[in-house]
Each structure stands twice: as structure tokens, then as C-alpha cells.
Amino acid sequence: MKYKLGIAAALLSATFFASAASAKTFVYCSEGSPEGFDPGLYTAGTTFDASAHPVYSRLLEFEPGTTKPVPGLAESWTVSDDGKEYVFKLRKDIKFHTTDFFTPTRTLSADDVVFSIDRQINKSNPWNQYVAGAAWEYAAGMGFPDLIKSVEKVDDLTVKFVLNRPEAPFLANLAMPFASIVSKEYADSLDAAGKKEQLNQMPVGTGPFIFVGYQQDAVIRYKKNADYWGGAPKIDDLVFAITTDAAVRYQKLKAGECHLMPYPNAADVETMKSDPALTVMEQEGLNVAYLAYNTTQAPFDKVEVRKALNKAINKQAIVDAIFQGMATPAKNPIPPTMWSYNDKVEDDTYDLDAAKKMLEEAGVKDLSMKLWAMPVSRPYMLNARRAAEIIQDDFAKIGVKAEIVSYEWAEYLDRSKAKDRDGAVMLGWTGDNGDPDNFLDTLLGCDAVGGNNRAQWCNKEFDELVKKAKITSDQAERTKLYEEAQVVFKREAPWATLDHSLSVVPMRKEVSGFVQSPLGDFTFENVDIAE
């Protein structure tokens with residue numbers, strides 16, 4: 001996609017990096033380009049890191065380093081006894097960003113909250129399709145259009161959500177990036193000027209940093225928001241230096257051209273740890289990598305074929321080659337660090353002879369398929385191309401010819417949602433709120449077919465279990481339901497589960513205040529740089 005931002009090219013050139021020596025200019029070597037800057041439209045962490053976290057705020061935020069929702073734009077809230085009404089009290093005098101392209105005339109109000117949510121769930125809202133084909137994938141995949149009966153302005157600083165049913169993870173969901181609050185006044189001004197698309201190109205929020213400009217696939221620049229409700233950032237400027245190659249990111253980090261990088265090559269981590277100029281953070285990742293078969297297309301509509309292919313994949317070889325001890329093979333669609341993980345589930349054993357026999361018994365011969373490999377590093381899959389090559393070789397051993405295909409990241413995400421997509425797509429997920437629902441229903445529920453559910457898998461038994469868990473307040477009962485759902489998932493095999501990885505973040509020694517997130521977010525409102 002092309003952005004015509006009207007920002008002087010000189011401001012977006014490599015001169016940013018010359019200024020990186022400034023004590024208060026923080027450079028982040030990001031792994032990819034954002035799909036856009038309206039977080040409600042997308043689901044990718046790369047996009048959220050560039051849009052939701054620096055520019056926007058939400059009613060609730062996650063406490064740094066945890067999955068605990070705490071007050072954000074809403075200073076307090078109440079929940080009705082039946083769990084169907086949530087009333088939020090907004091903070092007073094929260095300012096939207098003043099930029100070269102917009103000057104607000106009022107502070108945050110209930111109108112902005114109503115607008116931000118209603119446009120995602122109400123097809124008659126004039127902003128529902130301001131981007132052609134907008135699917136509001138996260139809101140849809142989590143069932144918000146059916147869940148939320150209404151979102152209402154009570155007064156300027158009070159908003160009420162009325163739900164059609166109780167929803168156990170609702171508060172945590174409102175702390176997620178897709179629920180970011182945008183400026184209705186800014187949207188109205190764009191509408192009047194015939195420039196609606198600019199909302200996704202030149203964002204205005206209440207977050208810690210103000211958007212300055214974007215040179216596509218190269219650099220994004222922000223400046224600190226001195227009026228940020230959470231306290232002004234310590235750094236003056238934030239620069240995203242888009243660097244897709246992990247080895248190049250590492251070279252820039254060593255050279256001092258950036259202060260922090262995501263997703264290093266596993267082979268480089270030990271060397272990083274021995275470098276006195278660097279600090280390396282590590283923690284268990286709340287993630288999973290998977291290969292999603294298109295279960296609506298022959299022969300992948302047969303569970304026997306899917307399970308045969310699963311038996312042909314040497315997951316340990318993938319973990320060894322790509323992660324070098326920083327990941328474990330996955331058997332469930334949720335990570336073992338998450339509550340309700342069912343360790344009693346038995347994984348598919350790596351057995352080429354059994355896999356070949358199962359394909360023969362299913363009547364499948366000379367199968368040719370597409371094997372999709374991501375073009376970017378993600379925490380759950382540092383090198384998708386190499387993983388695909390290992391799987392390609394495994395499949396060849398059972399007589400299956402797999403053609404590896406890939407696309408630019410935004411196109412990859414878009415194309416992989418198609419209901420008639422061929423073959424199997426490699427993707428993964430890092431939890432957004434610490435709740436199993438964020439994996440099981442968001443990625444595999446019937447509501448997510450055509451969106452996050454890349455397997456296009458709608459299984460009634462599975463869906464009823466996860467939907468029942470949503471409306472159950474008792475965590476022990478929810479755990480039982482999710483454990484049952486994992487049994488159904490493994491039996492039906494819509495995915496080949498690949499790995500759960502360790503999250504590793506290397507940074508310069510002069511950086512302080514960065515908090516590693518279990519949700520895989522990269523946020524910089526609390527960072528500082530020693531002078």
C-alpha cells in the first residue's frame with residue numbers, strides 16, 4: 001500500500017540515524033512494515049507495535065510485564081450482577097495529539113469510545129467500510145458484533161456497554177490493541193475533507209508518542225507526547241528502522257545504529273550474551289507456531305490426510321535447526337505456560353511409514369500442494385523459509401510434493417485468509433490477553449472462519465465448548481471446557497502444531513526501562529537511554 005503523507009522527504013531520510021547518537025532519540029530495528037496505522041483493521045503484532053502501542057490508548061491497559069488489565073483511559077468501571085452491563089468512567093482532560101495535519105479542539109469523551117467500537121461491529125456505520133473490504137478481523141473473530149448489544153454514551157465521561165450474554169474475558173479483550181480509541185473529531189474532519197483513508201495512514205491518538213511520518217518499508221518516526229496521561233516519555237524521539245533481515249538487525253545493534261531489536265537468529269544469541277555492550281532478556285513466550293490446512297478443500301477436508309501429514313513432520317528437527325534450544329515442539333494450540341493447557345493430550349508421533357500408509361488408505365496418491373512460508377521473523381518462527389524446507393523434505397519422503405510460496409507480509413496475511421486458499425499456511429500467534437479464549441476461539445472458532453481461522457475449520461463440538469467457556473465465570477469450569485476442546489482439536493487436526501518458543505530481546509547496555517511483555521508487545525513509553 002502507498003502512503004502519501006505530505007511530509008518532507010528529508011525528515012524521513014537516513015538522517016534519522018545520524019541523530020541516533022542523541023541521548024534522547026531511541027531507534028528500534030523493527031522486523032517488518034505495518035499494514036496500516038488503524039489497529040482495529042489488523043491482527044499482526046508488527047502492525048500493533050507500530051500503531052496501537054505508540055500512538056493509541058485503550059479503556060484498559062495491561063500492567064507492564066503482565067496480562068493483568070488495569071485502568072487506562074477508563075479510571076474505573078462497574079459490572080452488573082448478571083455480567084451483561086459494563087459502565088466505564090473516563091479520565092478527565094485527556095488530550096488527543098496535536099500534529100502538523102490535525103489540531104484537536106476538545107479532549108477525550110464518550111463519543112470517541114462509542115465511535116471506536118461501533119465502527120467495528122455495526123455494518124451501517126459510515127466508517128465500517130472506509131477501507132475497502134475492511135473485515136475488522138479481530139472484532140469479528142472474537143464475536144463482538146453478536147456479543148455487544150449496544151455501546152452507549154451516558155454522559156461526556158461515561159460509557160456503557162450492554163452485552164447479549166456474559167463474557168468472561170471481556171475486560172481483558174478491551175485492553176487489546178484492536179480496541180484502541182481513536183478521535184471521532186479527527187475522523188469527522190477527514191470525512192468532511194473527503195480523506196477518510198487518511199485515518200489509516202496518519203494516525204491521531206492519546207498514546208505516549210505522536211506520529212510524525214512514514215517512509216514505506218524504511219522508517220517510521222514519532223515524537224514524545226508531553227501531555228500523555230500516563231506521564232511523558234523520557235525519550236524525545238522514537239524511530240522504527242524497518243530491517244527485515246535478523247542478521248542485519250544484529251549488525252545495526254552492534255554498531256549502535258539501533259538500541260533494541262526483536263527476533264534474533266538463534267545462532268547469534270550466545271554471542272550476544274557475551275558482548276559487554278549488550279543486554280539480552282529472555283522469557284517463556286506465550287505463543288504457538290502452526291501449519292493450518294485448508295479443511296474445506298480436498299484432500300485436506302479429510303482428517304486422515306491431515307493426520308498423515310502431521311505424522312510426516314519432524315518437529316524436533318525444526319526446533320533444533322531454527323531455535324537451537326530456544327523452543328519446544330508443540331502438541332496443543334495453546335502454550336504450556338497458559339492455564340487450562342491439557343498435558344494429557346498425546347501428540348502425533350513422527351512416523352513416515354505410518355504417514356505413507358494413512359495416505360494410501362485415504363486414497364490419496366501423488367499429492368501436490370502449496371506450502372506457505374512467512375516472509376518475516378516472528379517470535380514463534382524465526383525462519384519460516386527454513387522450516388518450510390524441512391517440512392517440504394519430510395513430505396517428499398511420503399510422496400507429497402510441496403511447493404513453497406510466499407508474499408510480502410501484508411499480502412501474505414490477506415491472501416492466507418481466502419476460503420479457497422490452496423494447501424497449508426504457516427503462521428503463529430502470541431497471546432494478546434493471557435486468556436485461552438484468545439487462542440482457541442480467536443484462531444479456531446467458527447466466527448473466525450475467513451479471518452484468523454486460517455484452517456477455515458468450523459467444528460460444532462469444539463465451537464460449543466469454547467463458546468460455553470466464554471460465558472462461564474468459574475475458572476475451574478472454564479479449564480475443563482478448554483481441556484475438552486484441546487482433545488477435539490487434536491483428534492480433528494486442522495493444524496500441524498509446530499513449536500512454542502522462548503522470547504529473546506537483545507538491546508544496548510545504555511537502555512533502561514524496557515519491560516519484556518508476555519504478550520510479545522514492544523512498547524517504549526518507559527524506556528530511557530543513559531547519556
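**Close-up 1. The buried residues of helix α11.** In this predicted model, the buried residues of α11 are Val305, Arg306, Ala308, Leu309, Asn310, Lys311 and Ala312. That makes 7 of its 10 residues, and α11 is mostly covered. What do these buried residues pack against? Their partners include three helices: α13 (352–361), α14 and α18. They also include the strands β12 (287–293), β14 (368–372) and β17 (495–508).

**Close-up 2. Helix α11 crosses helix α18.** Helix α11 spans residues 303–312, and helix α18 spans residues 475–492. Their axes come within 8 Å and cross at roughly 90 degrees. Angles of 65 to 115 degrees count as roughly perpendicular, so α11 and α18 are roughly perpendicular to each other. Val303, Arg306 and Lys307 of α11 meet Lys490, Arg491 and Glu492 of α18. Sorted by class, the contact residues of α11 and α18 are 5 charged, 1 nonpolar and no polar.

**Close-up 3. Helix α4 packs on helix α8.** Here α4 (residues 110–121) meets α8 (residues 184–192) at an angle of about 65 degrees. The two axes are 8 Å apart. The pair α4 and α8 is therefore roughly perpendicular. On α4, the contact residues are Asp111, Asp112 and Phe115. On α8, they are Lys184, Glu185 and Ala187. Of the residues in the contact of α4 with α8, 4 are charged, 2 are nonpolar and none is polar.

**Close-up 4. Helices α12 and α14 side by side.** Helix α12 covers residues 315–323 and helix α14 covers residues 384–396. Their axes come within 10 Å and cross at roughly 150 degrees. Angles over 145 degrees count as roughly antiparallel, so α12 and α14 are roughly antiparallel to each other. The crossing of α12 past α14 is right-handed. Which residues meet? From α12 come Ala317, Ile318, Ala321 and Ile322. From α14 come Arg386, Ala387, Ile390 and Ile391. The contact of α12 with α14 holds 7 nonpolar residues, 1 charged and no polar.

**Close-up 5. Phe395 in the largest nonpolar core.** This core has 155 residues. Which of them touch the most other members? They are Phe161, Met381, Phe395 and Phe524. Look at Phe395, setting aside its neighbours within four places in sequence. Phe395 is in contact with Leu291, Tyr293, Leu309, Ala312, Ile313, Met369, Val400 and Ala402. Another core, of 11 residues, lies apart from the largest one. Among its members are Val27, Val219, Ala241 and Leu278.

How values were computed
Residues numbered from 1 in each chain as written. Predicted model: local features only at pLDDT ≥ 70, side-chain atom pairs only at ≥ 80, totals over all residues. Heavy atoms only, no water. Axes fitted to C-alpha atoms, helices over the stretch in contact; angles between N-to-C directions. Helix = DSSP H or I, 4+ residues; strand = E, 2+ residues; numbered from the N terminus. Parallel < 35°, antiparallel > 145°, perpendicular 65-115°, else oblique. Left-handed = near helix turned anticlockwise from the far one by under 90°. Contact = heavy atoms within 4.5 Å. Nonpolar A, V, L, I, M, F, W, Y, C, P; charged D, E, K, R; others polar. Core = buried A, V, L, I, M, F, W, Y, C linked by side-chain atoms within 4.5 Å. Buried < 20%, exposed > 50% of the residue type's maximum accessible area, 1.4 Å probe, protein only.
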